[in-house]
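Let's take a friendly walk through a protein model. Keep the sequence and the 3D view open as you read.

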Amino acid sequence: MIDYSFPLYRPPAEANSIILQATYGCSHNNCTFCSMYKSKRYEVRSTDELFAEIDVLSHSYPDTSKVFLADGDALSLPTEHLLRLLSYLNKSFARLRRVSVYATAQNLLEKSDEELLLLKKNGLSLVYFGIETGNDTLLKKISKGVSSDQIIHALDMASKADIKTSATVILGIGGKQHSLEHIQDTATLINQTSVTYLSTLQLDLDKDIKERFYKHFDDFQVLDDFQILDEQQRLLEQLAPNNKIIFRSNHASNALHLSGTLPKDKARLLEELQAALQIGKKALVPERFRGF
């Protein structure tokens, strides 16, 4: 039995994966919109401790093919630490085909190209990466800790190492005041780099962080569902990716669920959006079924 440190989070796509807490908390933990790890202190777990857990998990789930390394950004670990962990995972699970992590731009930028290639060679195949916005003013307001250029560089580093990226954008994060530049600059950022998967989330702030979030804005006005869908429409219209992107807006926070491949399904996705806008509230996920 594994004694997890809660709260524990994982991406929706990792529902059938083994979750291994390589770290506790988040090494950055300053983003004003995020409350996920505010109750936890960042901590690196020893390989001995992790190896003991892997022994238990491999005995209980010998056919495991996917492992997700939690918590907030396990890519913050030193490369040698990660390589030892990946080696032990590969030895312990004969059918392992994917190891994934949450990662920040800072995590990737702290690695060299050679380190990322080594991690990929040893089984790290996917990173979950929060873009949130491509607008530099908003990146400062939400205390992301990086610029849009640094985000592009970090994503390019992952792509160069052939590590897949699942990136997220938060609709509504600029409120009414910054909606236009949020979407325009975010589309520009995505068009300048390569991501494998792209998902949109809808801003939903926990009560205990609203005050901290709002104080960075002169007058933050929350977008309603239809203004969010307008942002979604403008984002899709402006996206012209250099590569095939699997697009989803099926996160629990979204008022409207969309899925397709860009650029192939762009016209269809926009048609579905228009249809939802014409139907109105009945086309949207009821608020009681949503969560961030």
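You are looking at a predicted model, in which local features need pLDDT of at least 70 and side-chain atom pairs count only at pLDDT 80 or more, while totals for chains, interfaces and linings use all residues. Residues are numbered from 1 along each chain as its sequence is written, and side-chain values use heavy atoms, with hydrogens and water left out.

**Salt bridges**

A salt bridge here is a side-chain nitrogen of Lys or Arg within 4 Å of a carboxyl oxygen of Asp or Glu. By this rule the count comes to 13 salt bridges. The table gives three of these pairs.

| Pair | N to O distance |
|---|---|
| Arg 98 and Glu 14 | 2.6 Å |
| Glu 53 and Arg 45 | 2.7 Å |
| Asp 63 and Arg 95 | 3.8 Å |

Start with the salt bridge between Arg 98 and Glu 14. It links distant parts of the chain, with Arg 98 in strand S5 (residues 98–103) and Glu 14 in the segment before S1, 84 residues apart. Helices (H or I, at least four residues) and strands (E, at least two) are DSSP runs, numbered from the N terminus. Both Arg 98 and Glu 14 are buried; buried means under 20% relative accessible area, exposed over 50%, and partly exposed in between (1.4 Å probe, protein chains only). Glu 53 and Arg 45 are buried too.

Now turn to Asp 63 and its salt bridge with Arg 95. Asp 63 sits in the loop between helix H1 (47–60) and strand S4 (66–70), and Arg 95 in the loop between helix H2 (79–92) and S5, so this pair ties together parts that are 32 residues apart in sequence. Asp 63 is exposed, because its relative accessible area is 51%, and Arg 95 is exposed at 56%.

Salt bridges can also join up: Lys 264, Asp 265, Arg 268 and Glu 272 are linked in a network of them.

**A negative patch**

Which residues form a negative surface patch? They are Asp 204, Asp 206, Asp 208 and Glu 287. Patches are made of residues with over 30% relative accessible area and no salt bridge, like charges being joined within 9 Å and nonpolar side chains (Val, Leu, Ile, Met, Phe, Trp, Tyr) within 5 Å. Glu 287 belongs to the segment after helix H10 (266–279), and it counts as exposed because its relative accessibility is 57%.

Asp 113 is in helix H4 (residues 113–121) and counts as partly exposed at 28% relative accessibility. Leaving aside neighbours within four places in sequence, Asp 113 is in contact (heavy atoms within 4.5 Å) with Met 157 and Lys 160. The C-alpha atoms of Asp 113 and Lys 160 are separated by 7.9 Å, although these residues are 47 apart along the chain.

Leaving aside neighbours within four places in sequence, its contacts are Gly 134, Asp 136, Leu 139 and Leu 189.

**Backbone details**

A cis peptide bond joins Phe 6 and Pro 7, with omega about 5°. Another cis bond joins Leu 262 and Pro 263, also with omega about 5°; Pro 263 is in the loop between strand S10 (259–262) and H10.

Finally, Asp 162 has a positive phi of about 65° although it is not a glycine. Asp 162 is found in the loop between H6 and strand S7 (164–171).

Technical notes: Accessible areas come from the Shrake-Rupley method with a 1.4 Å probe; for residues, only the protein chains shown count as cover. Lys and Arg count as positive and Asp and Glu as negative; His and the chain ends are not counted. The place of a charge is taken as NZ of Lys, CZ of Arg, CG of Asp or CD of Glu.
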